[in-house]
Amino acid sequence: PLLVGRSNDPTARITIGQRITRDLTVTYSQNLTSGPSGIERVVLVEYRLSNRLSVVGFRNESDEIGFDVRLRKKF
């Protein structure tokens, strides 16, 4: 996944993902340098409800927590 930090400066990041079950994936990303706001970390948890529908929860570098509902549609 594309994970972008809060700052506009591009930085080296390390991203690690693990499929826990067939429907559950966890992705962790962290920048390798300390910026003005410290080390930025992002965690994504995706749970696939069906082939077309999934829920993605996240915690970003500001410790904000949220979720998205993703619907896949092919044209």
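**Salt bridges and strands in a predicted model**

A search through the whole structure, which is a predicted model, turns up 3 salt bridges. One of them joins the side chains of D23 and R48, with N and O 3.6 Å apart. D23 sits in the loop between β1 and β2 while R48 belongs to strand β3, so this pair ties together parts that lie 25 residues apart in sequence. As for how open the two partners are, D23 counts as partly exposed because its relative accessibility is 25%, and R48, at 24%, also counts as partly exposed.

Another salt bridge pairs R72 with E46, and here the closest N and O atoms are 3.1 Å apart. This one links distant parts of the chain too: R72 is in the segment after β5 and E46 is in strand β3, 26 residues apart. R72 comes out as partly exposed, with 36% relative accessibility, and E46 is partly exposed at 23%.

Then there is the salt bridge between D63 and R59, whose side chains meet at 2.6 Å, N to O. D63 is exposed, since its relative accessible area of 52% is over the 50% cut-off. R59, at 43% relative accessibility, counts as partly exposed.

The protein chain has 0 helices and 5 strands, so reading from the N terminus gives simply β-β-β-β-β. The 5 strands make up an open sheet with antiparallel pairing, in the order β1-β2-β3-β4-β5. β1 and β5 (65-71) are at the edges with a single partner strand each, so one side of each has no neighbour in the sheet. From one strand to the next, the twist averages 15°.

Inside the sheet, β2 (residues 24-31) and β3 (residues 41-48) run antiparallel to each other and are paired over 7 bridges. T27, for instance, has L44 in β3 as its bridge partner.

What about the surface? The protein chain exposes about 5,900 Å², and 56% of that comes from carbon and sulfur atoms. Of its 75 residues, 20% count as buried. I14, I16 and L32 come together in a nonpolar surface patch, with about 290 Å² of accessible area between them.

Finally, a word on contacts along the chain. Among those between residues at least 6 apart in sequence, 16% join residues at least 24 apart.

Note on methods. Residues are numbered from 1 along each chain as its sequence is written. This is a predicted model: local features need pLDDT of at least 70, side-chain atom pairs count only at pLDDT 80 or more; totals for chains, interfaces and linings use all residues. Side-chain values use heavy atoms; hydrogens and water are left out. Helices (H or I, at least four residues) and strands (E, at least two) are DSSP runs, numbered from the N terminus. Buried means under 20% relative accessible area, exposed over 50%, partly exposed in between (1.4 Å probe, protein chains only). Contact means heavy atoms within 4.5 Å. Accessible areas come from the Shrake-Rupley method with a 1.4 Å probe; for residues, only the protein chains shown count as cover. Patches are made of residues with over 30% relative accessible area and no salt bridge: like charges are joined within 9 Å, nonpolar side chains (Val, Leu, Ile, Met, Phe, Trp, Tyr) within 5 Å. A salt bridge is a side-chain nitrogen of Lys or Arg within 4 Å of a carboxyl oxygen of Asp or Glu. Two strands pair if DSSP finds at least two bridges between them. Axes are lines fitted to C-alpha atoms, for helices over the stretch in contact, and angles run from 0 to 180 degrees between N-to-C directions.
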